[in-house]
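Thanks for coming. I have one model to show today, so let me put it up.

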Amino acid sequence: MLVRGAVLTVVLLGLVAFSVLLAKVTLTPSPASADLVTSNLRPGRSLRQYAEDYTFLAAVKQAGGNLLLGVPFGLLLPFFVPRRLRMIRTTLLTAVAMALVELIQGALVEGRAFDIDDVILNTAGALLGYFVLGRRISHRYYTYTDDPGSPGGPSAEKPEAEPVRAPSPAARTREGRTRTAGTKTAGTKTGQGARPKPAAATPAKKRGSRAGRTDGPAGAGRSATGSRSVRSLLDRLRGR
């Protein structure tokens, strides 16, 4: 912020100094030219007169002076206008300012008149200054001030921590429903996983069938031996 403030202060002082110089050059009375100067509302008329009636040095002085008067606008105004459509805004501001100066000349200053060609030359000088140097300087200025790592950038000031907001009752209700649904789903999955598998009873059945097959002949032998002993006992009792 300090760098931005210092740069803008210097530019503003330069703009004020240029305004004073512009007023001294354009608003100074010229009684000797009172009978020669006339207003011009037709673009190009004065330029044609410079080329036809003036010497080369006089024409260059007259046209070049008006160009140079507009150059500071192209150097200083880009620091104050928004970045969007900067060239167009600079051009329009220069044209309006110089048109006001020409109107004041024609209305109040002796020996001077309104000339639309002077406004055109001043605006062209502003565009020349903007394209030659003003655009580069203003671009570097905005790049430096907008850079987060620069001392005057946005990150130089620490942002305030946002307060933690408590959830609304509707959000709490939704969260409780979500947790309940998740618990029910987990319980269902656990109950399904705890069911015994029916395949575990198959080996026991097989074992029982195998055991029955193994004990079948031994049981038949035991029953035959018991019937023989009963018969022999009955025969002994009959013989007596």
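I will go through the aromatic pairs, then the nonpolar cores, then one glutamine.

This is a predicted model, in which local features need pLDDT of at least 70 and side-chain atom pairs count only at pLDDT 80 or more, while totals for chains, interfaces and linings use all residues. Residues are numbered from 1 along each chain as its sequence is written, and side-chain values use heavy atoms, with hydrogens and water left out.

The search of the whole structure gives 5 aromatic pairs. Rings of Phe, Tyr and Trp (its six-membered ring) pair if their centres lie within 6.5 Å; planes under 30 degrees apart count as stacked, over 60 as edge-to-face and the rest as tilted. Phe 18 and Phe 73 have ring centres 5.0 Å apart and planes at 90 degrees, so this pair is edge-to-face. Phe 18 sits in helix 1 (residues 2-26) and Phe 73 in helix 3 (residues 56-76), 55 residues apart, so the pair links distant parts of the chain. Helices here are DSSP runs of H or I, at least four residues, numbered from the N terminus.

Phe 18 is buried at 8% relative accessibility, and Phe 73 is buried at 8% as well. Buried means under 20% relative accessible area, exposed over 50%, and partly exposed in between, with a 1.4 Å probe and protein chains only.

Tyr 50 and Tyr 54 form another edge-to-face pair, 5.2 Å centre to centre with 65 degrees between the planes. Tyr 50 is buried at 7%, whereas Tyr 54 is partly exposed at 35%. Ring pairs also join Phe 79, Tyr 141 and Tyr 142 into a cluster.

Now the cores. A nonpolar core is a set of buried Ala, Val, Leu, Ile, Met, Phe, Trp, Tyr and Cys residues joined through side-chain atoms within 4.5 Å. The largest has 9 residues, including Phe 18, Phe 73, Leu 77 and Met 98. Helix 1, helix 3, helix 4 and helix 5 (116-146) each supply at least two of its residues. A separate core of 6 residues includes Val 11, Leu 15, Leu 76 and Tyr 141.

Last, what does the side chain of Gln 105 lie 2.6 Å from? A polar atom of that side chain is 2.6 Å from the backbone oxygen of Thr 26. Gln 105 belongs to helix 4 (residues 86-108) and is buried, with a relative accessible area of 5%. Leaving aside neighbours within four places in sequence, Gln 105 is in contact (heavy atoms within 4.5 Å) with Thr 26, Leu 27, Arg 112 and Ala 113.

Note on methods. A polar contact is a pair of N or O atoms within 3.5 Å; within protein, one must be able to donate a hydrogen and the other to accept it, and residues adjacent in sequence count only if both atoms are side-chain atoms.
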